[in-house]
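Student: I would like to learn how to read the helices in a structure. Could we go through a case together?

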Amino acid sequence: MSAKIKFQQSGGLAQITISYPKRFNAMSRAMWRDLRSIFESIQCMPDVRCVLVFGQGAHFCSGGDISEYGSFRFQEASLREFHENDVWGGLSAMLDCEVPIVAQISGNCMGAGVEIASCCDIRLAAETAQFGAPIARLGFPMAPREAALIVREVGLVTARQMLLQAAVLSAAQMQSRGFLTQVVADTDLQVQSQAVVKKILTLAPLAARQNKRTLRMLNSFQALDYKAPSTTEIEAIGGAVQVFSESAYAYANSTEHQEGICAFLEKREPRF
Amino acid sequence: MSAKIKFQQSGGLAQITISYPKRFNAMSRAMWRDLRSIFESIQCMPDVRCVLVFGQGAHFCSGGDISEYGSFRFQEASLREFHENDVWGGLSAMLDCEVPIVAQISGNCMGAGVEIASCCDIRLAAETAQFGAPIARLGFPMAPREAALIVREVGLVTARQMLLQAAVLSAAQMQSRGFLTQVVADTDLQVQSQAVVKKILTLAPLAARQNKRTLRMLNSFQALDYKAPSTTEIEAIGGAVQVFSESAYAYANSTEHQEGICAFLEKREPRF
Amino acid sequence: MSAKIKFQQSGGLAQITISYPKRFNAMSRAMWRDLRSIFESIQCMPDVRCVLVFGQGAHFCSGGDISEYGSFRFQEASLREFHENDVWGGLSAMLDCEVPIVAQISGNCMGAGVEIASCCDIRLAAETAQFGAPIARLGFPMAPREAALIVREVGLVTARQMLLQAAVLSAAQMQSRGFLTQVVADTDLQVQSQAVVKKILTLAPLAARQNKRTLRMLNSFQALDYKAPSTTEIEAIGGAVQVFSESAYAYANSTEHQEGICAFLEKREPRF
């Protein structure tokens, strides 16, 4: 019943369940850390050929666990720690995964849910699934690395719509935006994602690992890894990024941020 | 009745009207300069939370004001001045805007119209709106910075189709290409864009500004700002770009360029 | 009847036929070299304004000529030679082409077919055309430069689906993924692609060449050309790429690679 990431391996398949039923599988800080250690351990399992990620019950993941937010979001240092270590720790462990990851998405796929799905390679959704990152209602912006990830996977136009308009999009829309590889009837989701997994398990496993390395290398030249790898490049372009990055969490104790979170917790409309 | 950019602020909303009814809201040089100063002044209005851009009457913007072209396009220096200062001055002021920009697009959205829409964050269109940049009929290519902007926003495939095939695309096509966030019946356009604006006005304003800074930073690592920020990088990659950029307007006095513009003004088919 | 690339020029149009009917127009090594020399010769034909690429008979191109694979794929040096010289030689000559290239796609467009189509600017397909790169069934990954090209043109999500899931996509799907500019009834394909060609032949030819140079310059800052152009940049980012690139073909003599190719040639299911 508690908040956790479940892991189960059988043969070449690793199954990962986002499980926090009470909160529609919202991600707590502990769950982000679990996600990281599970994906790090998969790195040491040469027999795994495919990872399947899904949510316990009717939802994929409804976002972050807002009930925890008051304890760390209003101070810059702990806010940075949360985003750069907990959240990015989990997401980057997924991005470093050497084998294909399939996302099986139903119900709410919001905020952290979209970020986790963005680290998956093949994305199937039930036709009633819903997608968004309406954190502007909660009074805060998306962290830079997470925004880079989202932009790369959902596209710039959809990212703007999610962040600046707090839009919630349907599975059909997310398929036409190029995010989902397949949308199926709710009742067919499990069968269809199992079919994809079964197919991947028959394909050449070393070729898959090499393809994932190639795709990762191509992406590393784009926006995602904005820590420049050498002194030369830090001088060239890293300066501006560093300045930007240093101030990315200065909003921690802003009135707006506190109003957004508090209004949510007090179940009232925020006044910005 | 004359060519101008109108500006109106009420509360958190800034409304900008592209107005040159006689020419379906084509952009004159003076209008590009107006666009720049209006967006620069918005930068100094901390109360503005959203900008809405639309055209006077039935059209968004039909392109550049071709009647002016004979006076400056056929000399390299004045052509460069036009693209790099007038046009890019206006577009880059829009790109620097700190608050969400909503485009409400009806009728013709061609050339300069697509460029202006490309600087907006949320793009709604009427179902009869039409999009393109058929300047190959006028005998000239797109300026490099403008092409970089278009490619980023409409995608490489659509940009090629507009530039190399002089294709005109429907609102439905531009939605499926990922450019438009919403397509609505012509009669619903104003109501729907007002609903989006109203929604944005209720969202956290500092979060929006921070999100726009983040998205701008991510994009600055891509093609748009191809003036490298340091000596080191200029040496590394700037050289080739500089050479390219220096010759970008050498076509000014070409037979082809003059034939395209003159044929348009003389209302006859060009012979290339 | 034999394997060849046919070339025919008439007026401003150069027509290129991929012709190896016995193997649904699969690309042999000799055909890759022919493709390169034909596109290099087009560079020296100032009168050409448009190139049309299509397959002999019912298919565009079904992939590589697997019957040749045993002779060079299982040794790292000859495998590298094949991908970096033969294949990339042909593809990069297409990418360097100064005039618009139209792809007229019917039937199978697989592997090498998707790569060749990715070098074209305007892509029309018959509604029954099929797209994919199911080389994971053959036991090998995609070469880095080719993967960069595919990712840029079909998008990251579709590239993953092709490479990691060995998915085959329909023309309708490839249009919604933004790869195809137009999908038409099978019986209309030739007429429609001729209409596009005819249109391009009427447009300003120097503007087209300049637009292609601009688009090429924009892309060169992205993933495709990952050989850095200067010592400075090689130090900065080239190191990691070089290491990656050096090991890109180490899989040549792997059991998996040999099993995939041999199973295909022996017409049996591979066991990975």
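Student: Which residues of H7(B) are buried?

Tutor: A residue is buried if 20 or more other C-beta atoms, placed from the backbone, lie within 10 Å of its own, exposed if 12 or fewer, and partly exposed in between. In H7(B) the buried residues are Leu189(B), Ser193(B), Val196(B), Val197(B) and Ile200(B). They sit on the same side of H7(B), because they cover an arc of only 100 degrees around the axis; the arc is that of the directions from the helix axis to the C-beta atoms. An α-helix has 3.6 residues a turn, so residues three or four places apart point the same way.

The model is predicted: local features need pLDDT of at least 70 and side-chain atom pairs pLDDT 80 or more, while totals for chains, interfaces and linings use all residues. Residues are numbered from 1 along each chain as its sequence is written, and chains are lettered from A and ligands numbered from 1 in the order in which they are written.

Student: Which exposed residues does the face of H7(B) turned away from its buried side carry?

Tutor: That face carries Val191(B) and Lys198(B).

Student: What covers the buried residues of H7(B)?

Tutor: The cover includes H5 of chain A, and from chain B the strands S2 (13-19), S3 (50-55), S4 (101-105), S6 (122-126) and S9 (182-184). Helices (H or I, at least four residues) and strands (E, at least two) are DSSP runs, numbered from the N terminus.

Student: How is the packing of two helices described?

Tutor: By the angle between their axes and the distance between the axes. Axes are lines fitted to C-alpha atoms, for helices over the stretch in contact, and angles run from 0 to 180 degrees between N-to-C directions. In chain A, H4 (residues 144-154) and H5 (residues 156-164) pack at about 125 degrees, with axes 6 Å apart. H4(A) and H5(A) are therefore oblique to each other; under 35 degrees counts as roughly parallel, over 145 as roughly antiparallel, 65 to 115 as roughly perpendicular and the rest as oblique.

Student: Which residues make the contact of H4(A) and H5(A)?

Tutor: H4(A) brings Ile150(A), Val151(A) and Val154(A), and H5(A) brings Leu156(A), Thr158(A) and Ala159(A). Contact requires C-beta atoms, placed from the backbone, within 7 Å.

Student: Is Trp88(C) buried or exposed?

Tutor: Trp88(C) counts as buried, because it has 20 C-beta neighbours inside 10 Å. Trp88(C) lies in helix H2 (residues 76-95) of chain C. Leaving out residues up to four places away in sequence, Trp88(C) touches His83(C) and Arg145(C).

Definitions and conventions: Two residues are in contact if their C-beta atoms, placed from the backbone, lie within 7 Å.
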